[in-house]
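Hi everyone, thanks for making time this morning.

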Amino acid sequence: MIGKNHIEVLKQLIGQENVKNDKPHRLAYSYDATREHFKPDVVVFPKDEEDVSKVLRYCNEHKIPVVPRGAGSGFTGGALPVSGGVVLAVEKYMNKILEIDTKNMVAVVQPGVLNKELQREVEKLGLFYPPDPASQEYSTLGGNVAENAGGMRAAKYGITKDYVMALRAVLPNGDIIRAGKKTIKDVAGYNIAGILIASEGTLAVITEITLKLLSKPKRTKTAMGVFHTVTQAMNAVYKSLAGGANPVAMEFLDNLTIRAVEEKFHKGLPTEAGAILISDIDGNVEEEINYQIELLRKYFKENGCSEFRVAKDEKEAADIWFARRNASQSITIYGSKKINEDVTVPRSELPKYLEEVDKISKKYNVKIPCFGHTGDGNVHTNVMVDGSDPKQVEIGYKAIEEIFKMTIEIGGTLSGEHGIGLSKAPFMKLAFTPQELNLFRAIKKAFDPNNILNPGKMGL
Ligand SMILES: Cc1cc2nc3c(=O)[nH]c(=O)nc-3n(C[C@H](O)[C@H](O)[C@H](O)COP(=O)(O)OP(=O)(O)OC[C@H]3O[C@@H](n4cnc5c(N)ncnc54)[C@H](O)[C@@H]3O)c2cc1C
């Protein structure tokens, strides 16, 4: 618990009204999407970069922990103040789009801007910001950069890191730094922006983001393929992409997920199917889109697709996407607790990955519905257990550990988009050698020698 005197100084530094240590504020800023709770001692709302700098400089001098926070929608506990101290919340004031530069196709934003707000504003100008996490309506761009968020359009357009051109940030000692430029190319010096992306608030507080924009494609078509087995579907994913298909999205639902959505919503889904794949193809020219659709049809059919459907209009496309968009909430029929992981494997390993998950599910006698962004090799793998039964929960975590080990063995990673935070910290030693972990710690020490910024995260 930090002393009252520190709270008084923080008030003097950034204004009485921007420093809150009452019960409601401490509660409201104590959680994220993991549903774990850790109360901060105080919440601060910086008005600008200068305020961020003042808070950090003071906290560094007095070794007070500081946890940067966007919207608190993180899935791995990144924004949880596990050691108490200060939550530094950027969403209240630092939420402006500073510039949309149409000549250079670049946007400059403060970290608290919501992802969807930027998308809407640039689309009014015929431009396009592709990264679209499912949390786009409420997650912040600062949080997206700190977690390197991905979304449905990653198969074609990549993820947040592919759009970050430059950052401004405040180091734990209060120094303000710039990293990167508004230029397409910049190879001068170390790639500090690259290090800050996905650093989960452990190295610096991001205060300004310069993002690359594209021009908005004019048309989109949606297609769906039904497969008897998951293996067939996964073969179709990597073979179609290796064969030149370039879909915006290549999403998948396994049989357990299909059945869960059907049980909840009665949409006439093929409940006997081993898996379905859903793809969007976009572009400006009808011929190019049709060519891409035919490429998908060819590879899907060659790999055992029993039904290939192309949506005739927007309504049919929305109906197809309905199943995917409601997958996450539907699978709760299998258990009150969802141990939800987002491992990612090289795409050619997807068939093996899902076969192994099936074996682990049988070994531990737990249901593991899977769905997600197979176009990126990213599978949301959900171990479903009865949360009120500690034994079941323990079994669930054993199954997860085995899934992680297998993932690493086949060349995959612990997380494709949700980060490490608190929940995956114990597994870092499965994924990295002691030498690699030491390098991470040395980087952390170079930025944050007093370990005040988001301590206890990422297994550092
Ligand atoms: C329903 C739902 C769907 C989701 N779908 C997706 C998805 O499709 N793809 C995906 O990638 N993620 C998804 N997420 C996870 C989450 O939305 C993302 O990780 C998002 O990027 C977090 O943004 P946030 O503003 O909520 O950050 P927070 O949760 O507040 O913080 C996340 C991390 O970023 C750090 N941070 C935040 N702001 C800053 C800053 N200015 N400077 C430095 N560090 C900072 C925090 O310290 C923390 O470690 C989903 C979450 C939910 C609840």
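One definition before we start: when I say two residues are in contact, I mean that their C-beta atoms, placed from the backbone, lie within 7 Å. Please also keep in mind that this is a predicted model.

Which residues of helix H4 are buried? They are Asn 115, Leu 118 and Val 122. Around the axis they cover an arc of only 65 degrees, which puts them on the same side of H4. As for partners, the buried residues of H4 pack against strand S5 (97-101), strand S6 (106-109), strand S7 (127-128) and helix H5 (141-147).

The buried residues in H14 are Gly 396, Ala 399, Ile 400, Ile 403, Phe 404 and Thr 407. Looking down the axis of H14, you find these buried residues within an arc of 145 degrees, so they line one face of the helix. What covers them? The cover for the buried residues of H14 includes strand S16 (337-341), helix H13 (350-364), strand S18 (378-385) and helix H15 (428-431). On the face of H14 turned away from the buried side, you will see the exposed residues Pro 390, Lys 391, Glu 394 and Glu 409. Just after H14 comes Gly 411, with a positive phi of about 90 degrees.

Next, helix pairs. Let's begin with H1 (residues 4-14) and H3 (residues 49-61), which pack at an angle of about 155 degrees with their axes 10 Å apart. H1 and H3 are therefore roughly antiparallel to each other, and H1 passes H3 in a right-handed crossing. The contact involves Val 9, Leu 10, Leu 13 and Ile 14 from H1, and Asp 51, Lys 54, Val 55 and Tyr 58 from H3.

With H13, the axes come within 8 Å and cross at roughly 155 degrees. That makes H8 and H13 roughly antiparallel to each other, and their crossing is right-handed. On the H8 side the contact is made by Val 230, Thr 231, Met 234, Asn 235, Val 237 and Tyr 238, and on the H13 side by Leu 350, Pro 351, Leu 354 and Glu 355.

The other partner is H10. Helix H8 (residues 230-242) and helix H10 (residues 286-302) pack at an angle of about 140 degrees, with axes 9 Å apart. H8 and H10 are therefore oblique to each other, and H8 passes H10 in a right-handed crossing. Here Ala 236, Lys 239 and Ser 240 of H8 meet Leu 295, Leu 296, Tyr 299 and Phe 300 of H10.

Now for some single residues. Thr 222 sits in strand S12. Is Thr 222 buried or exposed? Thr 222 is buried, with 24 other C-beta atoms within 10 Å. Setting aside residues up to four places away in sequence, Thr 222 touches Asp 280, Ala 311, Ala 317, Ile 320 and Trp 321.

Lys 218 is in the loop between strand S11 (214-215) and strand S12 (219-227). Lys 218 is exposed, with 12 other C-beta atoms within 10 Å. Lys 218 and Asp 282 are 64 residues apart in sequence, yet 7.5 Å apart in space, C-alpha to C-alpha.

His 266, in the loop between helix H9 (255-265) and strand S14 (275-283), has a phi near 50 degrees, a positive value in a residue other than glycine. His 266 counts as exposed, with 8 C-beta neighbours inside 10 Å. Met 458 is not a glycine either, and has a positive phi of about 60 degrees. Met 458 lies in the segment after helix H16 (434-447), and is buried, with 22 other C-beta atoms within 10 Å.

That's my tour, and I'm happy to go back to any view.

Methods:
Residues numbered from 1 in each chain as written. Predicted model: local features only at pLDDT ≥ 70, side-chain atom pairs only at ≥ 80, totals over all residues. Buried ≥ 20, exposed ≤ 12 C-beta atoms within 10 Å, placed from the backbone. Helix = DSSP H or I, 4+ residues; strand = E, 2+ residues; numbered from the N terminus. Arc of directions from axis to C-beta. Axes fitted to C-alpha atoms, helices over the stretch in contact; angles between N-to-C directions. Parallel < 35°, antiparallel > 145°, perpendicular 65-115°, else oblique. Left-handed = near helix turned anticlockwise from the far one by under 90°.
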